[in-house]
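Start with the model itself.

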Amino acid sequence: MTALEREKIWQKDNRTRRKHFPKWQKKFNKDIRSKYLAASKAYPKKPKFPKTTIKLLESLYKEVGRDFTNIKKRTKSSDLTGREWDKSVNEWLKKEGFEKATDIELTTNEDIKRTIKRELAAGQDAGLGSPQITRNIQNALKQQGMVIAAFRAERIARTEVIGAGNKASFDSAMSDNGAEDFDKIWIQGRTVRTQRRQRHLDEMRDSNNKPVPLDKPFRITGMMHPHKGPASEVVNCGCTQAYVEKNPPK
Ligand SMILES: [Zn+2]
């Protein structure tokens with residue numbers, strides 16, 4: 001596959017991803033902020049957070065993935081239907097989705113605890129009375145919520161939209177015994193904020209030289225497709241993947 005062909009595929013995927021970013025960024029922003037607000041209201045008691053993040057991930061994956069399940073339109077094997085995709089997301093939610101949601105919520109909880117500790121120490125150092133310290137903590141939580149939510153929501157939305165798209169495209173390629181017909185190539189892409197990663201560039205070069213069987217992991221990262229891996233490989237990664245027919249007709 002030529003560099004131009006790869007760039008075209010990446011551009012197309014990226015245009016589709018970008019359409020989805022703003023909506024989910026807003027939703028995660030609201031979700032994270034609501035937890036700081038709840039903590040502020042409840043203080044000095046502990047707030048009860050509803051488990052909203054897993055629901056958000058579910059709707060994000062189901063919605064975004066639909067735009068990526070049509071990769072085989074022009075070949076003899078068929079794509080994933082909407083219902084099959086929903087089923088795949090439900091499976092994913094049980095382990096990976098659940099872990100992601102837990103991670104997101106834990107990070108929020110940890111930061112809320114840190115904020116309270118910091119304000120408490122500052123208030124005691126300044127010799128403030130406990131009603132004043134309580135008010136300061138409540139205000140600090142509201143403030144901190146706005147700052148942190150804006151920053152984290154952007155990153156989470158970007159990561160999960162890309163993850164949903166890559167998973168849907170991969171599942172679609174695999175459907176209908178796709179592994180018999182297709183190999184895959186890693187396509188390195190950039191994200192808004194970050195540089196390209198050397199490992200992912202190597203992965204692209206390696207798989208472009210010798211396409212990887214669809215049902216085997218990529219040879220350098222050991223991942224099945226970009227964004228299916230540990231956070232260190234996934235956060236700020238803008239890569240996608242392409243599929244090539246195993247035995248192109250001569
Ligand atoms: Zn990457």
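Begin with a helix pair. α2 and helix α4 (residues 130–174) pack with their axes 8 Å apart, at an angle of about 50 degrees. An angle in that range is neither roughly parallel nor roughly perpendicular, so α2 is oblique to α4. The crossing of α2 past α4 is right-handed. On the α2 side, the contact uses Leu57, Leu60, Tyr61, Val64 and Gly65. On the α4 side, Glu160, Val161, Ala164, Gly165, Lys167 and Ala168 take part. Sorted by class, this contact of α2 with α4 holds seven nonpolar, two polar and two charged residues.

This is a predicted model, and every value here is computed from it.

From α1 come His20, Trp24, Lys27, Phe28 and Asp31. From α2 come Thr53, Leu56, Leu60 and Val64. By class, the contact of α1 with α2 has five nonpolar, two polar and two charged residues.

| Helix pair | Angle | Axis separation |
|---|---|---|
| α2 and α4 | about 50 degrees | 8 Å |

**The chain as a whole**

How many helices and strands does the chain have? There are seven helices and three strands. In sequence order, the pattern reads α-α-α-α-α-β-α-β-α-β. The C-alpha atoms fill a box of roughly 85 × 35 × 25 Å along the principal axes. Of the 250 residues, 36% are buried. Take the contacts with a separation of 6 or more: residues 24 or more positions apart account for 76% of them.

**Backbone details**

Return to α4. This helix bends by about 25 degrees at Ala149. Asp176 follows α4, and its phi is positive, near 55 degrees.

Most residues other than glycine have a negative phi, and most peptide bonds are trans.

Asp176 is not a glycine, yet its phi is positive, about 55 degrees. Asp176 sits in the loop between α4 and α5 (178–181). Is Asp176 buried or partly exposed? Asp176 has 17 C-beta neighbours inside 10 Å, so it counts as partly exposed. A buried residue would need 20 or more.

Asn236 is also not a glycine, and its phi is positive at about 65 degrees. Asn236 lies in the loop between α7 (231–234) and β3 (240–245). With 18 other C-beta atoms within 10 Å, Asn236 is partly exposed.

Which residues does the cis bond join? The cis peptide bond joins Tyr43 and Pro44, with omega about 10 degrees. Pro44 lies in the loop between α1 and α2.

Key. Residues numbered from 1 in each chain as written. Predicted model: local features only at pLDDT ≥ 70, side-chain atom pairs only at ≥ 80, totals over all residues. Contact = placed C-beta atoms within 7 Å. Helix = DSSP H or I, 4+ residues; strand = E, 2+ residues; numbered from the N terminus. Nonpolar A, V, L, I, M, F, W, Y, C, P; charged D, E, K, R; others polar. Buried ≥ 20, exposed ≤ 12 C-beta atoms within 10 Å, placed from the backbone. Axes fitted to C-alpha atoms, helices over the stretch in contact; angles between N-to-C directions. Parallel < 35°, antiparallel > 145°, perpendicular 65-115°, else oblique. Left-handed = near helix turned anticlockwise from the far one by under 90°. Bend = angle between axes of the 7 residues up to and from the residue.
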